[in-house]
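Here is a brief report on helices, their packing and a few selected residues. Please keep the model open while reading.

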Amino acid sequence: MSSTDHDNSLRLPPSPGGPYCSFGGNLSNNELAETISHHLLSFLGRDPMRAGNRELYKALAYTVRDFLIERWIKTQKESYAQKRKRVYYLSLEFLVGRSLGNSLINIGMLDRVAETLKEMGYDLAEVREEEEEAALGNGGLGRLAACFLDSLATLEIPAYGYGIRYEYGLFSQRMLDGFQMEYPDNWLRYGSPWEFERPWNLYPVKFNGRVYRYHDDQGRLRHEWVDTDEVMAMAHDILVPGFNTESVISMRLWSAKAPREMDLVSFHRGDYVQAVREVVDSETISKVLYPSDDIREGQELRFKQQYFFVAATFNDILRRYKKKHPDFGEFVDEVAVQLNDTHPAIAIPELMRLLMDEEELGWEEAWEICVGTFGYTNHTLLPEALETWSVELFGRILPRHLEIVYEINRRFLEEVAARFPGDDERLRRMSLIAEGDEPKVRMAHLAIVGSHSTNGVAELHTHLQKTRIFRDFYDLYPERFNNKTNGITQRRWLLKSNPGLASLITENIGGGWVTDLFQLRRLEPLVDDSSFVHRWLAIKHANKQRLADLIQTRCGVTVDPGALFDVQVKRIHEYKRQLLNLLHVVVLYHRLLTGPADQMPPRVVVFAGKAAPSYERAKLIIKLINSVAETVNRDPRIKQRLKLVFIPNYGVSPAEKIIPAADLSEQISTAGTEASGTGNMKFAVNGALTIGTMDGATIEMSEEIGRENMFIFGMNAEEVDAARRDPDQNPEKVYQGNPEIRRAVDAIAEGAFSRGDTAIFRPIVDSLLSKDDPYLNLLDLEDYIRCQEKVSREYLDRQLWARKSILNVARMGKFSADRTIREYAQDIWGIPVT
C-alpha cells in the first residue's frame, strides 16, 4: 500500500446532528474548489491553473482557517455571554506538529477535501507533506500540551494555550559519520498560513532596571520598577478546533519585537551594526527554543524567555478580565492558570507584582488571589531537573520579582516554623532559596507554595512526590497534592495516524470511541473472530511496509516488514536507557554469529530521538547506536535476521508513521525516573505490546491491560533504591558472571563497532561498569534479556500476538487526554464538564 493510499483510506465516524455546516460542509465540491482557487489568487498571487503542491497547501490551509475563525469568534462570544471561567494553559513548549490533517479530521472535512482535490488534479497526501512541522517542543512535555489543547476544545472548555512563537524550533537533526549534528529548524521559512498575527495585542515586557520605593498619599509603602529595558511582545493566534463540536480555541504564541525598528542616527553615521542592534537583541528572545544552558549567556536568555511569555500572558489575561470587572473580587472565579512544569513559575511573583504595584492591592488579598488562581503540574522526578536560577541572575534581570520572592519565602518559612517548631533542617530544605556559595531560587518550591494544587502525572510519580522529592511540602499542604495521570488524544494518535486501524475499529464498534476511548472495550469479544484478527494483522503489516519505505528513504537500509519491529523512539537521555536496548542488540548479534536462531524471529530495532546539543553523553549514545548499526547491517552473515536503524530528525510527523508500525514498544527507563510517559500510551493504542519496567504510567497500563499482555522486567522503584544502597549490587559482578554480557561490553570497549578505536566509547563502558551508574543498566540487563527471549517466542505465535495486540488497544480507555482534562477541570479548575 502506498503512503497516498494509506493517508486517504480513513472514513470518519458520522457526525450526529451534523454540526459542520458552518465549517464548509454545505459547500459543493465545485464551491470548495472555487474557494481554494480564490485563496491561490488573492492570498498567494498564483494562477490556479499553474499552482504546485506547496501553493495548493497554503491555499487549502487558508480555506480551512476561514472555516475556523467564524467558529472561534462565536466560541469567544458565547464564553463572554455565559460568564464562563477560562483556563489559561502556560507552557514553554507546544509540540503541535502539522495542523492540516488534524484540522480536517476534527471539522469532518477530510474526505470531502480529498475528493475535491482529486477533482482539481491534486493528491491530498502529497499536499499535506508540504506543511512544515511546528517543532516548538522537545518531546513529551510539549506534545502533552498540544494533546491537552485538542481535548480542551473537544470538551468545549473555554481555554487559551500560551507560549512562545519560536522563529526556529528545537533543531533539525542530521547525522555526520554517526554523530548528531544540529541545524536551524526554520519552520517559518515559507510563513505559516495557520497564524493570525495580532499587532494590536502588543505589550511591553521589562527587564533589568531598579526598584524605586516611596510612600503614597495614604502613607503606604509602594514599589515602582524603573529605568528598565523594554521588549515588545506581539501575539500570534493558531486556532485549535475540537472534534465533532463547534468549539474552537486558540493557542496564543508571543514573538519578541524591538520598541523601535532602527536607530537612524547610528545608521546615518555609518554604524549599520549599531543601528539594528536593539532589534537583534530584542528579537533574540523568541528566536530559538531552548538555547544552550551550559554557558552564562544561554542561561540568561532562557530566563528572559520564561519571563517574557509570562509577562505578556498576564498583560493579556488582565486586559481580558478588566473589560468586564471593575475590581478583582471575581478573579479566582473567572481565571484558572495551569503551569506546565516549572518554566512558567515566574508567573507567581509577576501576578503579585501586577496586583500590588499596578492595581494597588495589599499583600494578603493579592496572595489569596494568587494561590487561588494557579495550579502547578510537576513533570520530573530527577532532582537535577528541578529548575533553579541564581539569585544574582534573577535579581539583575527581575529586581522587583526577587524582592517579592524573598517576601514570599519569609512569610512561608514563618508558617513552616510555626507548624514545625525547632526544625531548622526542615526550614533549610523547604526554603525557596537554596543557600550556598551561589544562592539559587528553587522554582519548584515557588510553584508549590504559590499554587492551590500540585499534581503529578502518574500514580507512581505522585506517590514519589509525596514521599520523596516534595515530602516536606506534602506534610504541610497534603490537600494541595493530587494525581492527574497523563493521556493522549486519540484523534491524532489513532484516528489520524492509523486510519486503517481506526476504520476497522469504527466498522465493528461504531465511532463513539473517538470522543469516549473507554468504548474500545467493545473490541474484546473480537479477539476470537478469525476474520477480524486477519484484517488486524494485515493492517499492521501495511503500516510496517510504510515504515520500511521510510527507513529505506531516510537510512538507506532495507528491512523486512515481516520481522518483529522493536521500537524505542523518544528523547535521548541516560535515564531512558537506550543503552540497555542497544546492549541487547549486541547480544542478539553475537548469538546470530555463533549459533542457530530457530526461536529468534527476524528483528528490526528502530531508534529515533534528539539529544540536547550540550548533552555530550547522550550524543555519544547516538554515535554508538549508529556505529553498531553500521557493523550489524553490513555483516553478510546476518542477512535479514537482525537490522538496526536510527531514524534522524524525529518529530510528530515521523512518529505518526513509526508508532502504528511498531510490534514492540520499549519503555525501559530506570524505575522511579520517568514521571509518566505518553509514548507508551501512543504505542499501546496502536496495538504494540510493551516491554517495560514498572515506572511512570506503565504501571497503570499494566493494571488496565493486564501484565500477562505486556512484558514487564527489572527492578521496581523500591528495589532500585535498595540496590543503590547495597554495596553487593555491583555491575562488575554482572559483567564477570554473565559471559554474554561480558562479550557485549568488551566488544564496545575493544573497538569492534568503532573500527578499532578503543577510546571513543570508553566513557560509556566506564559508566556501565561503575557501581555509581545511577541508571543501573547492567543490574537490569539479565532480566531484560530473559524478557526479550519471551518476546521472541510469543511473536512467533502470530495468533497469540494478535490477541494480545487487540487487548492492548481495547483496554486503553483510561489513557485519553479527554479523561485527564476532565479531571483537571473538575478537581483543579472548578469547571463543570458535560
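## Basis

This is a predicted model: local features need pLDDT of at least 70, side-chain atom pairs count only at pLDDT 80 or more, and totals for chains, interfaces and linings use all residues. Residues are numbered from 1 along each chain as its sequence is written, and side-chain values use heavy atoms, without hydrogens or water.

## Helix H11

H11 covers residues 296–322, 27 residues in total. Helices here are DSSP runs of H or I with at least four residues, numbered from the N terminus. From first C-alpha to last, H11 reaches 39 Å, close to the 39 Å expected at 1.5 Å a residue. That expected span is 1.5 Å times one less than the number of residues.

H11 is mostly covered, with 19 of its 27 residues buried. Buried means under 20% relative accessible area, with a 1.4 Å probe and protein chains only.

## Two helix pairs

Two packed helices are described by the angle between their axes and the distance between the axes. Axes are lines fitted to C-alpha atoms over the stretch in contact, and angles run from 0 to 180 degrees between N-to-C directions.

H33 (residues 777–796) packs on H34 (residues 798–810) at about 105 degrees, with the axes 5 Å apart. The two are therefore roughly perpendicular (65 to 115 degrees). H33 contributes Val791, Glu794, Tyr795 and Leu796 to the contact, and H34 contributes Arg798, Leu800, Trp801 and Lys804. Contact means heavy atoms within 4.5 Å. Five of these residues are nonpolar, none polar and three charged. Ala, Val, Leu, Ile, Met, Phe, Trp, Tyr, Cys and Pro count as nonpolar, Asp, Glu, Lys and Arg as charged, and the others as polar.

H7 (residues 140–154) and H35 (residues 817–829) cross at roughly 75 degrees, and their axes come within 9 Å. This pair is also roughly perpendicular. Cys147, Phe148, Ser151 and Leu152 of H7 meet Ala817, Asp818, Thr820, Ile821, Tyr824 and Trp829 of H35. The contact has seven nonpolar residues, two polar and one charged.

## Asn777

Asn777 lies in H33. It is buried, at 3% relative accessibility. Leaving aside neighbours within four places in sequence, Asn777 is in contact with Arg577, Leu579, Leu580 and Leu768. Thr515 is 262 residues away along the chain, and its C-alpha is 40 Å from that of Asn777.

## Cysteines

The disulfide count is zero, where a disulfide is a pair of cysteine sulfur atoms within 2.5 Å. Cys147 is buried at 2% relative accessible area. Cys370 is buried at 0%.

Key:
Buried means under 20% relative accessible area, exposed over 50%, partly exposed in between (1.4 Å probe, protein chains only). Angles under 35 degrees count as roughly parallel, over 145 as roughly antiparallel, 65 to 115 as roughly perpendicular and the rest as oblique.
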